[in-house]
Amino acid sequence: MEEKDLRSRFDKRTQHLRIYARIVLGVISSLVLVTTFATIKDKPKEITVITVEQNPAEEQKTITPEFPTQDIEIRIIFNDESEDEPYAGRDVTLNEWKDVPEWDIPQEYKDTGGCLPESVRVHLYNLCEQSNISYPFMLALIETESGYQWDAESPDGSCKGYAMINDKWHQERMRRLGVEDIYDPYGNLKVSVDFLAELFIKYHDASMVLMCYNCGESTAEKLLEDGIYSTAYSEKILAREAEISYEIYGN
């Protein structure tokens with residue numbers, strides 16, 4: 001394959017090339033599995049690491065860990081130099097990455113300091129899949145809460161990060177999930193999705209869940225008792241969810 005073909009495989013601006021790249025990586029994965037299983041008998045299993053950069057050609061290398069691993073896997077390390085958010089670049093497995101739809105935040109949010117690196121989007125998408133929460137729903141919530149700014153903070157300093165989590169009320173949840181820094185986007189989103197999944201199990205209604213998330217369960221329940229089933233906050237997020245869903249899925 002010519003170098004220009006390798007460079008175009010990871011051009012995020014062209015969705016059909018991204019799909020092609022995933023197919024090629026799937027073939028690579030199969031070849032690695034076949035080759036490794038043929039030689040794995042007396043040595044540790046191999047992990048193929050692919051570094052994905054914004055424009056340069058794909059760099060590929062194989063490393064052997066110091067101890068045997070349970071599964072053979074391909075890991076993707078994103079290194080997009082156009083995104084200077086300090087948490088960009090976390091590696092993910094090929095299986096985690098391959099089903100994530102192509103989407104990027106609106107330019108207006110980029111212009112005001114917002115960013116959502118691809119590795120964070122992969123992380124968020126998989127959290128949503130595991131918790132049965134709409135991916136566009138979470139994108140709309142992040143957009144409304146923080147404008148995609150990982151270090152966002154409420155005026156009183158109580159709510160923080162992408163999803164504006166009040167860590168004071170989620171200490172036990174953070175311990176359970178192994179989250180130490182609420183500003184870390186990966187941990188922040190893990191706490192948010194876990195909390196929302198809990199609310200969905202309890203209330204079964206997206207508008208009510210958002211009301212609880214925004215103003216607390218006791219206040220939301222009082223609003224419900226007064227016949228108020230939505231707020232400007234919940235309506236805004238649900239409307240934006242519909243728009244993002246159309247942008248991603250076309251329906």
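I searched the whole structure and got five aromatic pairs.

Tyr109 and Tyr148 make an edge-to-face pair, because their planes sit at 80° with the ring centres 5.3 Å apart. This pair joins distant parts of the chain, 39 residues apart: Tyr109 is in helix H4, and Tyr148 is in the loop between helix H6 and strand E5. (Helices, H or I with at least four residues, and strands, E with at least two, are DSSP runs numbered from the N terminus.)

I also noted that Trp103, Tyr109 and Tyr148 form one aromatic cluster.

Is Tyr148 buried or exposed? Tyr148 is buried, at a relative accessible area of 0%; buried means under 20%, exposed over 50%, partly exposed in between (1.4 Å probe, protein chains only).

Next I checked Tyr125 and Tyr135: centres 5.2 Å apart, planes at 85°, so edge-to-face. Tyr125 is in helix H5 and Tyr135 in helix H6, ten residues apart. Both are buried.

Notes on the source: this is a predicted model, where local features need pLDDT of at least 70 and side-chain atom pairs 80 or more, while totals for chains, interfaces and linings use all residues. Residues are numbered from 1 along each chain as its sequence is written, and side-chain values use heavy atoms, leaving out hydrogens and water.

Notes: Rings of Phe, Tyr and Trp (its six-membered ring) pair if their centres lie within 6.5 Å; planes under 30 degrees apart count as stacked, over 60 as edge-to-face and the rest as tilted.
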